[in-house]
Amino acid sequence: MGSFKEALLKSMNKLFPLPVHPFNLQKDGVKTYADWEFEKGLSTLQYFLDLTDLDQLFKDKTVLDIGCGAAGKTVFYATCGVKEIYGVDKVEKYKEQAERLAKSKGVEDKFHFVIADAATLPFSENTFDTIIMNDFMEHASQPQNVLLECYRVLKPGGMLYVNSPPYYHPYGAHLSDLIGVPWVHVFFDEQTLINVYKDLAKGLPDAEDRIKLRFSVDDTGKPYISYINKMTIKKFRQWIKSSPFRCVYYKEVPLRKSLSFLAKWSLTKEYFVKMLVAVLNKPIEKT
């Protein structure tokens, strides 16, 4: 049965072009992951710019970018007038690429790449004016602890800006660098996805890195997709509600305006919301 499902998925995958993905751009020598992120820097803030502007986000502020990846977007933020900015990620190999980009943009004195787990941040209390979490909450292995850590290191009055795609987004399995079938994780079991992804990765120069990033093995020896936490809309809302933050803005962005009714209907919204957006405030304690 497994081989049939794998063959079916491989056949289906030939019918769907792959979305543009930074791993493939880097593999083909088009641009580095960090360069791609830098170019996308402004778009990572698109969901917040109706509420605020770049000066309010960054001007003369100490900023934290959690789950920064190769930190191209962090470097972009550094060019927006920050006092200092720290990018946090667990993937060590991104550090050199990020620091090289920061130097090329002339912001190396403001930019710091920190290798750390977002659930145990290596910063003192009340350090940051602004925290950005762009496309990260769906990856956090301890999302509620991450929110507690953000609250701890954020200054009173500071803001946390969060946007993340929910799990049932068309590419919510985060395998679209090699599997272009939308909603593939709805139609195929996890083991089939892992087997097909690994097979498609064969021969790629960065195959080992891609596989290591996405998959792990549990205590029973069973492989699973560890790159994501299968965050649903319901879970996201619960995490925010149980955090000490005050939510000042929340939005569920539909896949397309023409499908907005499906993004509102309780039976289909998990599949037709492309982004969850929240702005959270750490209140100033009254004396």
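**Packing, charges and spaces**

User: Which residues does leucine 160 touch, beyond those up to four places away in sequence?
Analyst: This is a predicted model. Contact here means heavy atoms within 4.5 Å. Not counting residues up to four places away in sequence, leucine 160 touches Ile131, Met133, Leu147, Cys150, Leu154, Phe245, Ala278, Val279 and Leu280.

User: How many residues does the largest nonpolar core have?
Analyst: Leu160 is among the residues with the most contacts inside this core. Leu64, Ile66, Phe123, Ile131 and Met133 are listed with it. The core's residue count is 37.

User: How many residues are in the second, separate core?
Analyst: This core includes Phe38, Tyr77, Ala78 and Cys80. Its residue count is 33.

User: How many salt bridges are there, and what separation in sequence does the pair of aspartate 199 and lysine 10 span?
Analyst: The count comes to 17 salt bridges. In one of them, aspartate 199 pairs with lysine 10, with the closest N and O atoms 2.6 Å apart. Aspartate 199 lies in helix H9 (residues 190-201) and lysine 10 in helix H1 (residues 2-13), so the bridge ties together parts whose separation in sequence is 189 residues.

User: Are aspartate 199 and lysine 10 buried, partly exposed or exposed?
Analyst: Buried means under 20% relative accessible area, and exposed means over 50%. Aspartate 199 has 28%. Lysine 10 also stands at 28%. Aspartate 199 is therefore partly exposed, and lysine 10 is likewise partly exposed.

User: Is the salt-bridge pair of lysine 73 and aspartate 65 buried or exposed?
Analyst: The two side chains meet at 2.9 Å, N to O. The cut-off for buried is under 20% relative accessible area. Lysine 73 has 4%, and aspartate 65 has 0%. Lysine 73 is thus buried, and aspartate 65 is buried.

User: Which parts does the salt bridge between lysine 230 and glutamate 190 tie together?
Analyst: The closest N and O atoms of this pair are 2.7 Å apart. Lysine 230 is partly exposed at 33% relative accessibility, and glutamate 190 is partly exposed at 22%. The partners are 40 residues apart in sequence, so the bridge ties the loop between strand E7 (223-225) and H11 to helix H9.

User: How far apart in space are lysine 235 and proline 166, C-alpha to C-alpha?
Analyst: Lysine 235 sits in helix H11 and is partly exposed at 34% relative accessibility. Not counting residues up to four places away in sequence, lysine 235 touches Asn229 and Lys230. Lysine 235 and proline 166 are 69 residues apart in sequence, and their C-alpha atoms are separated in space by 9.3 Å.

User: What value is phi of aspartate 135 near?
Analyst: Aspartate 135 is found in the loop between E4 and H7. Its relative accessibility is 32%, which counts as partly exposed. Phi is positive here, in a residue other than glycine, and is near 50°.

User: What value is phi of tryptophan 183 near?
Analyst: Tryptophan 183 lies in the loop between E5 and helix H8 (184-187). At 21% relative accessibility, tryptophan 183 counts as partly exposed. Its phi is positive too, near 55°.

User: What is the volume of the second largest pocket?
Analyst: Trp183 belongs to its lining, along with His169, Pro170, Pro182, Leu255, Arg256, Leu259 and Lys274. By class, the lining divides into 5 nonpolar, 1 polar and 2 charged residues. The pocket volume is about 190 Å³.

User: What is the volume of the largest cavity?
Analyst: The count comes to 1 cavity of 30 Å³ or more. The largest cavity is lined by residues including Pro170, Tyr171, His174, Ile179 and His185. Its lining has 7 nonpolar, 4 polar and no charged residues. The cavity volume is about 50 Å³.

Methods:
Residues are numbered from 1 along each chain as its sequence is written. This is a predicted model: local features need pLDDT of at least 70, side-chain atom pairs count only at pLDDT 80 or more; totals for chains, interfaces and linings use all residues. Side-chain values use heavy atoms; hydrogens and water are left out. A nonpolar core is a set of buried Ala, Val, Leu, Ile, Met, Phe, Trp, Tyr and Cys residues joined through side-chain atoms within 4.5 Å. Buried means under 20% relative accessible area, exposed over 50%, partly exposed in between (1.4 Å probe, protein chains only). On a 1 Å grid over the protein atoms alone, a cavity is a set of points where a 1.4 Å probe fits but cannot get out, and a pocket is an open set with protein on both sides within 12 Å along at least five of seven lines; lining residues have an atom within 4 Å of a point. Grid points are joined across faces, edges and corners, and a volume is the space filled by probe spheres set on the points. Ala, Val, Leu, Ile, Met, Phe, Trp, Tyr, Cys and Pro count as nonpolar, Asp, Glu, Lys and Arg as charged, and the others, Gly among them, as polar. A salt bridge is a side-chain nitrogen of Lys or Arg within 4 Å of a carboxyl oxygen of Asp or Glu. Helices (H or I, at least four residues) and strands (E, at least two) are DSSP runs, numbered from the N terminus.
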